[in-house]
Structures are given as structure tokens and as C-alpha cells.
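Subject: Structure handover and notes

Dear colleague,

I am passing on the structure we spoke about, followed by my notes on it. Please read the notes with the coordinates open.

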Amino acid sequence: MKKMFTDNLWLKILSVLMAILIWIVVLNINDPNKTRIIAGVRVELLNEDIVTGNNQVYEILDGQLVSITVTGPRTIVDTLKAKDFTVTADFKDLSQASSIPINVELAEYSYQQKVTINKKSHNTVQLLIEDLEEKEYDIDVRYIGQPAEGYVVADTILDTPKVKITAPVSVHENIKQVCVSVDVSNASSDFETVVPVKVYDSKAVELIQAENNVAVNVTNIKAENTVYYTKKIPVVYGEISNTVNGLEVSDVEISMKEVSVMGRKEVLDMVENLRLPTDTITFEEGNTQTIVEYNLQELLPEGVYLNEKTDTLKLTVYLTEIIQRTLTINIRDIGIRNIPDGMGASIVDSGTVKVIIQGKKHEVEDLDAATISAYVSVRNGNVTVSSVPVQLQLPEGITQVENVYVRVSLTNTDPEPTSDTQTETPEPDTTTPTVNIPDPTTTTNPTTPPKNPEDDTTTVPEHSSQTQET
């Protein structure tokens with residue numbers, strides 16, 4: 001078997017080579033035509049300066065790549081590639097419809113007579129041609145990161161605050177912002193940095209300058225950043241008074257109770273509050289409300305700056321009418337306070353007394369008379385019957401206009417007093433005063449201004465609901 005393959009080996013090899021040669025010859029003699037599509041052939045634009053030299057710019061809308069259908073000998077067509085074709089569009093042939101005819105040729109001259117170009121996917125290149133415009137834009141500053149705790153970037157000064165941008169009209173219409181981004185992470189002192197200028201469209205997407213025919217006259221800018229210490233301080237104001245038409249200040253509202261300020265730390269450490277000047281507030285006749293606006297920055301000391309979105313504070317002053325009201329108090333509901341040790345006390349009058357109170361209209365009108373406690377104080381009293389002023393426990397802002405008096409009897413309950421000095425121990429508020437007078441009387445003797453209630457134990461009757469108003 002081995003001898004069969006090895007005998008006359010050279011003749012067998014020669015036979016194979018001859019067969020291949022004969023096949024090639026036959027193929028070249030009989031080379032059939034073939035049709036083929038070559039895709040992705042790029043169109044070369046000629047004489048672009050016809051447009052660009054006229055302060056215009058163009059954008060290819062359609063026809064930048066074409067597919068070419070060719071027919072020719074199979075041996076040629078199978079070897080063709082995109083680079084074997086010359087595909088051009090000459091701006092000299094630009095039409096009023098902003099289109100340029102596409103010309104296709106085989107680069108190899110010898111193939112031009114053998115291969116036929118049947119068709120192409122695009123006959124023209126469609127263009128958008130626009131005028132170029134130069135516009136000036138302000139540069140905004142964006143901050144990246146957070147400064148050190150207790151600090152804020154107060155200001156950034158750019159060595160070039162504006163830039164000039166040359167771009168098509170449609171691009172200008174879509175520009176939303178021109179800015180630089182400054183990294184302020186952990187900053188606690190002034191610093192400088194160089195940052196690039198970036199252009200953003202209406203969707204906050206950065207416009208790539210080369211792709212969008214955008215040219216900026218400055219690409220990088222130096223930024224000087226001022227970093228201040230910051231803290232919040234309360235807003236305070238002095239007493240506000242009014243004498244117009246018998247009205248009195250009933251309420252005061254301010255739009256900001258505290259403000260954030262900034263500055264050098266050694267300066268801010270000496271600032272405790274921001275005081276509003278109220279002594280110049282004027283009230284007009286008939287108005288029950290006055291609004292005053294303050295420019296907060298003008299009220300701050302030198303070297304201290306406002307760190308708020310608004311620099312205006314509104315102070316609203318409300319005025320109300322001052323009225324009087326008469327309360328009728330049953331004498332048996334009046335308590336006795338500050339009874340000396342070893343003595344007893346009782347009110348010898350009976351009936352009722354009338355007490356006039358005064359205050360802001362809404363507070364006086366809303367006052368529930370049944371909740372008011374009345375009392376007399378007999379501190380340092382002697383064993384006798386004395387006229388003592390009746391005092392009321394009133395809410396803040398309401399006062400007793402005048403004193404009315406009742407007679408109080410003190411009796412000695414200690415048969416053998418050991419000292420002439422009486423120890424003042426307030427009685428608990430659970431004792432009802434003793435009333436033992438045959439003839440009812442009502443005593444109203446205004447002599448002295450009303451006194452404030454004293455913080456001693458008081459005997460207060462449980463039936464204070466019998467206080468009436470007249």
C-alpha cells in the first residue's frame with residue numbers, strides 16, 4: 001500500500017499542479033458578470049470655503065454615506081472595496097435647496113471600462129446652512145463640594161467675567177448657560193484656581209465645541225474665591241409705643257426671627273444680634289396696622305455681611321383700641337391673704353363691689369370674668385377693722401384702673417402672745433372668709449393705684465364664678 005503512494009511521486013504532484021493551472025485558465029476564459037452592493041462609502045465634500053468663507057457654517061443632514069450597486073466581472077467585483085471609489089460632492093454645484101449632487105467613479109482607471117455603476121443610495125447631499133453669529137455671555141460660577149463646617153464661599157471674582165461665543169444662530173438659541181465650576185471642598189480660607197469655561201444647552205447638556213461649531217474666545221479663567229466664617233444671630237427690637245387715637249400696640253410680627261451673617265471669624269465673634277431701630281416708626285390716624293421694611297445689610301456693622309437670599313425684613317405692628325370694663329364682684333368671693341400668725345381675719349362688708357379694668361379691646365372682651373380671683377392682703381395688720389383695697393389676679397396686659405375697698409376685721413386668736421413680732425406665713429388657698437355683717441354695704445373708694453398681686457398663700461373662695469360684669 002505504501003509503495004502505491006510513493007511510486008512516481010513527482011508525476012503525481014505535477015498532475016495536481018497542472019489541474020489547478022487548467023482550472024485557472026478556464027476560469028479566466030469564462031469570467032461571468034456579478035452584481036454587488038458596496039455600502040458605507042463616505043462622500044468627500046469639495047470647495048467648502050464657498051460656504052465657510054462667507055461667515056457661514058453647514059451641517060450634513062443626509063447623504064454623508066452612500067451605498068453603491070455595481071456590475072462587472074466576478075473576479076473584479078469581488079475585490080472591490082469602499083476605498084476603490086471616488087465619491088464627491090462639490091459646493092460649486094450647490095443648489096438653492098441646499099443640496100449638492102453626488103458623483104461616483106472607480107478610482108482604478110482599468111476597472112472603469114469593465115465595471116458598471118448601476119445606482120447609488122443617495123443622489124445628493126442635503127445640507128443645513130446657517131449664518132455664524134458672535135454673542136457675549138456672562139459667566140456663572142458653580143460650586144462643587146462643601147466648604148469646611150461653619151464656612152461659606154462668599155464671593156468668586158473671575159479675571160474674565162464675560163466671554164464671546166461664535167456659533168450658528170440655532171446654537172445660540174439653545175445656549176442656556178456659560179459657566180465655570182469651582183471645587184470648594186473643605187475650604188476654610190481664601191484661594192485661587194484656574195477653571196475651564198463650559199457651555200450648556202437648555203437640557204443642561206454640555207455643548208462640545210467642535211461638534212456644534214462653537215468657538216469660545218477664552219477657554220480657561222482664573223477664579224479668586226473669598227471664604228468667610230458664618231453664623232446665625234437673632235433679630236431683636238426695642239419697645240414700640242403709639243399714642244395715635246387711643247390705640248395701643250397689640251402685636252408685632254417679623255418676617256425673619258434670625259438671620260445668617262458672614263465675615264471674618266474675629267469680627268463675627270463680637271456680633272451677638274441684629275437690632276431693628278423702632279423709635280422712628282410712625283403711625284397714621286385710623287390705621288390699625290403699620291408695615292416697616294428694613295434693609296438688613298445697612299443695619300450690620302462694618303465687615304459683617306448678610307448670608308441670606310433676601311436682604312429685606314418686614315416688621316408688622318398691629319394696633320388695637322384700649323377699652324375699660326366694669327366687673328361686679330361678690331364680697332363673699334373675695335379671699336384674704338397674708339393673715340399674721342396668731343390672728344384671724346374676716347371681711348365685715350357684704351354685698352358686691354365694682355372694679356374697673358382696662359386693656360386691649362380683644363383681650364378685655366375675651367376675658368372670662370368667672371375665672372378672675374379677687375383678694376385682699378392684710379400683711380402687718382393690727383387688731384382692728386381696716387379698709388383694705390381689693391385686688392384682682394388679671395392676665396398680663398390687663399390692669400385695674402382704680403382701687404375699691406372693703407373693711408377687714410382682724411382678731412387675736414392667741415391668748416398669750418409670746419412676741420410682739422408677727423411672723424408672716426401665708427394661709428393656704430382653701431379658707432373661705434368669714435362674713436358677719438348685718439347691713440350689706442358696697443364700698444368704692446378709689447384712692448391709690450392698683451397693686452400687683454403678692455406671691456403669698458391666699459385664702460381664695462371656691463365660688464369665684466359669682467364675679468359679674470356690669
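The notes below go from the whole chain to individual residues and pairs.

Please keep in mind throughout that this is a predicted model. The protein chain has nine helices and 34 strands, and of its 470 residues 35% count as buried. Among the contacts with a separation of 6 or more, 77% are made by residues 24 or more positions apart. The chain exposes about 28000 Å², of which carbon and sulfur atoms supply 47%.

On the surface, a nonpolar patch is formed by Trp10, Leu11, Leu14, Met18, Leu21 and Ile22, which together have about 620 Å² of accessible area. Trp10 lies in helix H2, which covers residues 9–29, and Trp10 is exposed, because its relative accessible area of 59% is over the 50% that marks the class.

The side chain of Thr230 makes a polar contact with the side chain of Asn307 at 3.4 Å. When neighbours within four places in sequence are left aside, Thr230 is in contact with Gly150, Tyr151, Val152, Ser260, Val261, Met262, Leu268 and Asn307.

The structure holds three aromatic pairs. In one of them, the ring centres of Tyr151 and Tyr229 are 5.6 Å apart and the planes stand at 70°, so the pair is edge-to-face. That pair links distant parts of the chain, with Tyr151 in strand S11 (residues 151–158) and Tyr229 in strand S17, 78 residues apart. Tyr151, which is also among the contacts of Thr230, counts as partly exposed at 26% relative accessibility.

Another pair, Tyr228 and Tyr305, is stacked, with 5.6 Å from centre to centre and 5° between the planes. This pair also links distant parts of the chain, Tyr228 being in strand S17 and Tyr305 in strand S22 (residues 304–306), 77 residues apart. Tyr228 is buried, with a relative accessible area of 14%, whereas Tyr305 is partly exposed, with a relative accessible area of 34%.

Turning to charged pairs, the structure holds nine salt bridges, and I describe some of them here. The side chains of Lys162 and Asp138 meet in a salt bridge with an N to O distance of 2.2 Å. Lys162 lies in strand S12 (residues 162–168) and Asp138 in strand S9 (residues 124–138), so this pair ties together parts that are 24 residues apart in sequence. Both partners are partly exposed, Lys162 at 38% relative accessibility and Asp138 with a relative accessible area of 47%.

Lys314 forms a salt bridge with Glu293, and the closest N and O atoms of that pair are 3.8 Å apart. The pair links distant parts of the chain, with Lys314 in strand S23 (residues 312–330) and Glu293 in strand S21 (residues 289–295), 21 residues apart. Lys314 counts as partly exposed at 42% relative accessibility, while Glu293 is exposed, with a relative accessible area of 52%.

A salt bridge also joins the side chains of Lys265 and Asp269, at 3.3 Å from N to O. Lys265 is partly exposed, with a relative accessible area of 36%, and Asp269 counts as partly exposed at 45%.

Two backbone angles are worth checking against the coordinates. Most residues other than glycine have a negative phi. Asn47, however, has a positive phi near 55°, and it lies in the loop between strand S2 (44–46) and helix H3 (49–52), where it counts as partly exposed at 31% relative accessibility. Ser98 likewise has a positive phi, of about 60°, although it is not a glycine. Ser98 sits in the loop between strand S5 (85–90) and strand S6 (99–101), and it counts as buried at 19% relative accessibility.

Finally, Asn174 is found in helix H6 (residues 169–174) and is partly exposed at 29% relative accessibility. Not counting residues up to four places away in sequence, Asn174 touches Tyr200, Asp201 and Ser202. The C-alpha atoms of Asn174 and Leu207 are separated by 9.7 Å, with the two residues 33 apart along the chain.

Note on methods: Residues numbered from 1 in each chain as written. Predicted model: local features only at pLDDT ≥ 70, side-chain atom pairs only at ≥ 80, totals over all residues. Heavy atoms only, no water. Polar contact = N/O pair within 3.5 Å; in protein donor to acceptor, adjacent residues only side chain to side chain. Contact = heavy atoms within 4.5 Å. Patch = residues over 30% accessible without salt bridge, like charges linked within 9 Å, V, L, I, M, F, W, Y side chains within 5 Å. Areas by Shrake-Rupley, 256 points an atom, 1.4 Å probe, with all protein chains shown as cover. Salt bridge = Lys/Arg side-chain N within 4 Å of Asp/Glu carboxyl O. Helix = DSSP H or I, 4+ residues; strand = E, 2+ residues; numbered from the N terminus. Buried < 20%, exposed > 50% of the residue type's maximum accessible area, 1.4 Å probe, protein only. Phe/Tyr/Trp six-rings, centres within 6.5 Å; stacked < 30°, edge-to-face > 60°.
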